[in-house]
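Open the structure in your viewer and keep the sequence panel beside it.

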Amino acid sequence: MLVESVFGWLVNNRIRGEPNSTSRIACNTAGKVDLDELLTRFWSCEEIGSLNNYSPEEQRCEAQFVLTKCRSSDGQYTVALPKDEKVFANIGESREMAFLRLQSLERRLEKKPELRQHYHGFMEEYLELGYMRRADVGPEKRFYFPHHPVIKQASTTTNVRVVFDESAKRSSGISLNEA
């Protein structure tokens, strides 16, 4: 059997005289490829963590991480999220979609008062901790995140948590995750 690989063509066959054997023999028929070049290609494929193996986008994200990472006085690390400026510039509006999802969520919570209490408590805690803030009307671009509760009955601390849906499509058909 001939198999094309990054090292050239490989010839692969069963060992002669053993018809039921799973043992195989392979040889490289690289032809005119220099052995040094072949070994260099082999070792470059085997390298781990080399910048040469990163795509341009991965290199950009790594550079942004190095430039923006910082550690606060309480020991927590923060880093700016990577974003594709071209996609981000055309992300579209999210207020109407988020508002419709909020109305749907409110109808759901009306039917489950205990869930509503836990959910609103969670959101108030987010406000107090500064993880989110109330949006004022203004000229700058705003991002509204649709959200919903996830209930985990087996949880020992809290059985309700909030999931923010950054994969929700905006008016442009683009999500924040894509940007």
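Colour the chain by secondary structure and follow it from the N terminus: the elements run β-β-β-α-α-β-β-α-α-α-β-β. That gives five helices and seven strands. What you see is a predicted model.

Of the 179 residues in the chain, 16% are buried.

Next, hide the surface and select Leu-105, Leu-109, Leu-115, Tyr-119, Phe-122, Met-123, Val-160 and Val-162. These eight residues form the largest nonpolar core. Two or more of its residues come from each of α4, α5 and β7, and α5 gives the largest share, with four. In soluble globular proteins, nonpolar side chains tend to be buried together.

Within that selection, centre on Phe-122. Which residues does Phe-122 contact, leaving aside its neighbours within four places in sequence? They are Val-160, Arg-161 and Val-162.

Now look for the largest pocket, which holds about 1,100 Å³ of space. To find its centre, select Met-132, Arg-133, Arg-134, Ala-135 and Tyr-144, the closest to it of the 29 lining residues. Colouring the lining of the largest pocket by class shows 16 nonpolar, three polar and ten charged residues.

Move on to the second largest pocket, with a volume of about 290 Å³. Its lining has 13 residues, and those nearest the centre are Pro-82, Lys-83, Leu-176, Asn-177 and Ala-179. Helix α2 (residues 56-68) supplies the largest share of this lining, three residues. By class, the lining of the second largest pocket divides into six nonpolar, one polar and six charged residues.

For the last stop, select Ser-175, in the segment after β7 (160-164). Is Ser-175 buried or exposed? Its relative accessibility is 2%, so Ser-175 counts as buried, the cut-off being under 20%. Show what surrounds this residue: beyond its neighbours within four places in sequence, Ser-175 is in contact with Ile-91, Glu-166, Ser-167, Ala-168 and Lys-169.

Technical notes. Residues are numbered from 1 along each chain as its sequence is written. This is a predicted model: local features need pLDDT of at least 70, side-chain atom pairs count only at pLDDT 80 or more; totals for chains, interfaces and linings use all residues. Side-chain values use heavy atoms; hydrogens and water are left out. Buried means under 20% relative accessible area, exposed over 50%, partly exposed in between (1.4 Å probe, protein chains only). Contact means heavy atoms within 4.5 Å. On a 1 Å grid over the protein atoms alone, a cavity is a set of points where a 1.4 Å probe fits but cannot get out, and a pocket is an open set with protein on both sides within 12 Å along at least five of seven lines; lining residues have an atom within 4 Å of a point. Grid points are joined across faces, edges and corners, and a volume is the space filled by probe spheres set on the points. Ala, Val, Leu, Ile, Met, Phe, Trp, Tyr, Cys and Pro count as nonpolar, Asp, Glu, Lys and Arg as charged, and the others, Gly among them, as polar. A nonpolar core is a set of buried Ala, Val, Leu, Ile, Met, Phe, Trp, Tyr and Cys residues joined through side-chain atoms within 4.5 Å.
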